[in-house]
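Here are my notebook entries from a look through this structure. Please keep the view open beside them as you read.

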Amino acid sequence: FVQIVKRYIIQIQFADQKQEFNKRPTKIGRRSLSRSISQSSTDSYGSAASYTDSSDDETSPRDKQQKNSKGNGDFCIKNIKQADFGRREIEIAEQEMPALMALRKRAQGEKPLAGAKVVGCTHITAQTAVLMETLSALGAQCRWAACNIYSTQNEVAAALAEGGFSVFAWKGESEDDFWWCIDRCVNLEGWQPNMILDDGGDLTHWIYKKYPNMFKKIKGIVEESVTGVHRLYQLSKAGKLCVPAMNVNDSVGKGCCAALKAMGSIVYVTEIDPICALQACMDGFRLVKLNEVIRQVDIVITCTGNKNVVVREYLDRMKNGCIVCNMGHSNTEIDVASLRTPELTWERVRSQVDHVIWPDGKRIVLLAEVIYYHHHHRHINTRLSMTALPQSTALALIELYNAPEGRYKQDVYLLPKKMDEYVASLHLPTFDAHLTELSDEQAKYLGLNKNGPFKPNYYR
């Protein structure tokens with residue numbers, strides 16, 4: 001629908017500010033909207049209009065006893081019979097992720113993750129499956145849960161379970177299901193993780209809360225989201241981060257703006273950070289306050305990881321047909337709770353698309369009930385965006401797992417620049433790109449190793 005959209009408003013906020021472990025909504029029966037950690041229920045939204053995709057089998061996966069073809073039942077998914085379909089999805093994703101597949105081919109003989117026991121909590125998609133199978137090929141044992149109740153591809157979870165992975169996730173989990181799945185990954189007699197891969201910080205939080213002694217054997221945390229990184233920095237600042245952590249993704253909003261601009265959109269940006277604001281201006285975006293343009297824009301996207309970014313006042317002032325969605329990890333960025341009132345009508349248009357209708361007939365379009373829209377519709381992403389993060393994640397796990405004692409302290413680190421450059425180099429053949437090589441004389445003149453790294457670690 002880019003052709004009919006004239007203007008977009010992108011909400012981007014990056015700040016070293018206090019973040020809370022965000023509360024997600026409470027469940028109603030088996031159909032809850034999301035999960036909770038520490039905020040009051042008013043921070044989130046009720047479940048008057050909670051939905052999940054329909055299924056022929058409404059039985060909770062927790063009430064089923066399923067086994068794969070080899071008799072293994074250490075998983076909990078929607079339907080193991082979907083495994084063949086999921087395998088085809090994974091095979092397609094492999095073709096779209098040449099860099100990660102190249103890493104698998106180069107490193108599987110060395111087994112750099114031999115002995116690694118990785119517990120993960122991320123979106124369970126075909127791309128994630130390629131990552132998990134790569135980690136396994138490199139020697140790791142994996143147990144996995146979903147970081148979002150709506151983004152799991154059930155057929156992919158089935159394929160992973162059929163392949164012997166311990167996966168606990170299905171689309172449409174309740175709040176109780178969500179935490180139960182995480183606990184099943186972590187709490188297994190005779191198995192203890194020594195690496196954490198997290199997206200949003202919920203897994204890390206759960207281990208801190210329920211099993212703090214596990215950190216005695218955990219070598220490090222790899223975090224994939226802006227929100228999770230903020231939480232790690234809070235722990236570090238408070239002196240509570242007891243293992244090294246690596247940030248592999250903290251620029252979601254910038255990529256969102258660039259992608260929309262490339263598709264011909266007029267993009268407005270809101271910012272709290274003057275440096276990011278200047279970057280936006282120099283990239284050609286107009287910097288505004290939301291209240292200055294809220295009546296004119298056609299789409300509002302939040303990418304902040306914060307709370308109360310789009311409040312009821314702004315929702316009331318939006319134009320008829322305005323599309324509202326969230327690309328940040330937190331579901332508290334948009335005040336959906338304020339829309340659960342008698343005077344407003346909710347109309348389900350199709351799966352994960354709702355119309356909220358005002359008494360005068362005005363309506364806004366709510367996508368995925370603002371719970372991380374980006375990953376619900378990840379199939380529209382480009383090849384590069386789907387593979388870059390998993391590639392960086394795999395290298396970060398290898399780096400932290402194999403790092404000698406003392407290299408990393410109990411702090412948050414960026415992926416070493418040499419590895420960043422390696423990730424980029426693996427993508428270049430996809431574009432038939434050819435790097436220029438420095439001569440020995442040129443390298444000496446610049447004070448560089450001719451094979452890199454070419455930028456300092458602080459370069460972003």
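I call a residue buried under 20% relative accessible area, exposed over 50% and partly exposed in between, using a 1.4 Å probe and protein chains only. By that rule Cys303 is buried, with a relative accessible area of 3%.

**Ground rules.** I am working on a predicted model, where local features need pLDDT of at least 70, side-chain atom pairs count only at pLDDT 80 or more, and totals for chains, interfaces and linings use all residues. Residues are numbered from 1 along each chain as its sequence is written, and side-chain values use heavy atoms, with hydrogens and water left out.

**Cysteines.** I searched the whole structure for disulfides (pairs of cysteine sulfur atoms within 2.5 Å) and found 0. Cys303 is in no disulfide: its nearest cysteine sulfur belongs to Cys256 and is 4.2 Å away. I also checked Cys276, which is buried at a relative accessible area of 13%.

**The sheet.** Helices (H or I, at least four residues) and strands (E, at least two) are DSSP runs numbered from the N terminus. I traced an open sheet of 7 strands with parallel pairing, in the order E4-E3-E2-E5-E6-E7-E15. Strands E4 (166–168) and E15 (412–414) are at the edges with a single partner strand each, so one side of each has no neighbour in the sheet. Two strands pair if DSSP finds at least two bridges between them; E3 (residues 141–146) and E4 have 3, in the parallel sense. Across that pairing, Arg143 stands opposite Ser166 in E4.

**Met246.** Where does Met246 sit? I found Met246 in strand E7 (residues 245–247), buried with a relative accessible area of 0%. Met246 and Val222 are 24 residues apart in sequence, yet 4.8 Å apart in space, C-alpha to C-alpha. Taking contact as heavy atoms within 4.5 Å, and leaving aside neighbours within four places in sequence, I list among the partners of Met246 Ile221, Val222, Leu400 and Tyr413.

**Two helices.** Axes are lines fitted to C-alpha atoms, for helices over the stretch in contact, with angles from 0 to 180 degrees between N-to-C directions. The axes of H1 (residues 83–95) and H4 (residues 154–162) come within 7 Å and cross at roughly 100°. H1 and H4 are therefore roughly perpendicular (65 to 115 degrees; under 35 is roughly parallel, over 145 roughly antiparallel, the rest oblique). The contact includes Phe85 and Ile90 of H1 and Val156 and Ala159 of H4.
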